Amino acid sequence: MHTIVFATNNKHKLLEVQQILGNTFHLKSLVDIGFTEDIPEDFDTLEQNASQKAWYLYNRFGVDCFADDTGLEVDALDGKPGVYSARYAGEQRNSQDNIVKLLADLKGISNRKAQFRTVISLIISGEEHQFQGVVRGSIIDELKGSDGFGYDPIFVPEGYNLTFAEMELDLKNRISHRGLATQKLVAFLLGM
Ligand code: IMP
């Protein structure tokens, strides 16, 4: 079976992708290959960070691998917080603080349109392939729902009346930025 390393230790993300892949490919996490350091993310675009993380792993371990990077891009804020989504309110990387800052930045602004965007960089046999997933939606003023993580309680995807934090995980995975990018990655791998 073909083994691919996913540059994550998020068990939930790993399981999600493994489920879509079936048993044609065997996924390993960073812990599975004995890597416990932080991977550098030095750039200011999702594309460059995903690419940097994947090449870092490839150059160090010589394994087929992929890495993802995600951001919430708000139209009225010129795409912010974008690549800085995790640390928008500071290096403590606290979701609650990030939401409070975002809602403060949007106070009095009527255009609430936004999107989540995920970029995945896959390196296979020394060649890089990128896949993108986008979900459009809007930012609401109060927090709703208790599932999910990050900005989920204030993001309502287009065509739905629920925030990501109010949705069944199955539904979120089907329509989300990460879900869509993952589906493209998996289609590519299965078509090889
Ligand atoms: P990462 O690149 O997947 O680590 O995502 C960076 C940051 O974007 C996270 O720390 C969250 O703040 C935010 N984020 C990513 N994906 C989601 C999501 O599905 N829902 C809500 N926030 C997310």
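The following paragraphs lead from the overall build of this predicted model to one of its strands, β3.

The protein contains five helices and seven strands. Followed along the sequence, these elements occur in the pattern β-α-β-α-β-β-α-β-β-β-α-α. The radius of gyration is 17 Å, close to the 16 Å that the globule rule gives for 192 residues, so the protein is as compact as a globular protein of that length. The C-alpha trace spans about 50 × 30 × 25 Å along its principal axes.

Among contacts between residues at least 6 apart in sequence, 53% connect residues at least 24 apart. Of the 192 residues, 46% count as buried. The accessible surface amounts to about 9700 Å², and 48% of that area belongs to carbon and sulfur atoms. The side chains include 19 positive and 27 negative ones, and the centres of these two sets lie 2 Å apart.

Attention may now turn to strand β3, which covers residues 65-74. Nine of its ten residues are buried, which means that β3 is largely enclosed by the rest of the structure. Here a residue is termed buried when its relative accessible area is under 20%.

Strand β3 pairs with several other strands. With strand β1 (residues 2-6), the pairing is parallel and has two bridges; F6 has F66 in β3 as its bridge partner. With strand β5 (residues 113-124), β3 pairs in the antiparallel sense over ten bridges, and A67 has S121 in β5 as its bridge partner. Strand β4 (residues 80-82) also runs antiparallel to β3, joined by three bridges, with E73 opposite P81 in β4. The hairpin of β3 and β4 has five residues between the strands, and D78 in this hairpin takes a positive phi near 55°.

Technical notes:
Residues are numbered from 1 along each chain as its sequence is written. This is a predicted model: local features need pLDDT of at least 70, side-chain atom pairs count only at pLDDT 80 or more; totals for chains, interfaces and linings use all residues. Side-chain values use heavy atoms; hydrogens and water are left out. Helices (H or I, at least four residues) and strands (E, at least two) are DSSP runs, numbered from the N terminus. The radius of gyration is taken over C-alpha atoms; the globule rule is 2.2 Å times the number of residues to the power 0.38. Buried means under 20% relative accessible area, exposed over 50%, partly exposed in between (1.4 Å probe, protein chains only). Contact means heavy atoms within 4.5 Å. Accessible areas come from the Shrake-Rupley method with a 1.4 Å probe; for residues, only the protein chains shown count as cover. Lys and Arg count as positive and Asp and Glu as negative; His and the chain ends are not counted. The place of a charge is taken as NZ of Lys, CZ of Arg, CG of Asp or CD of Glu. Two strands pair if DSSP finds at least two bridges between them.
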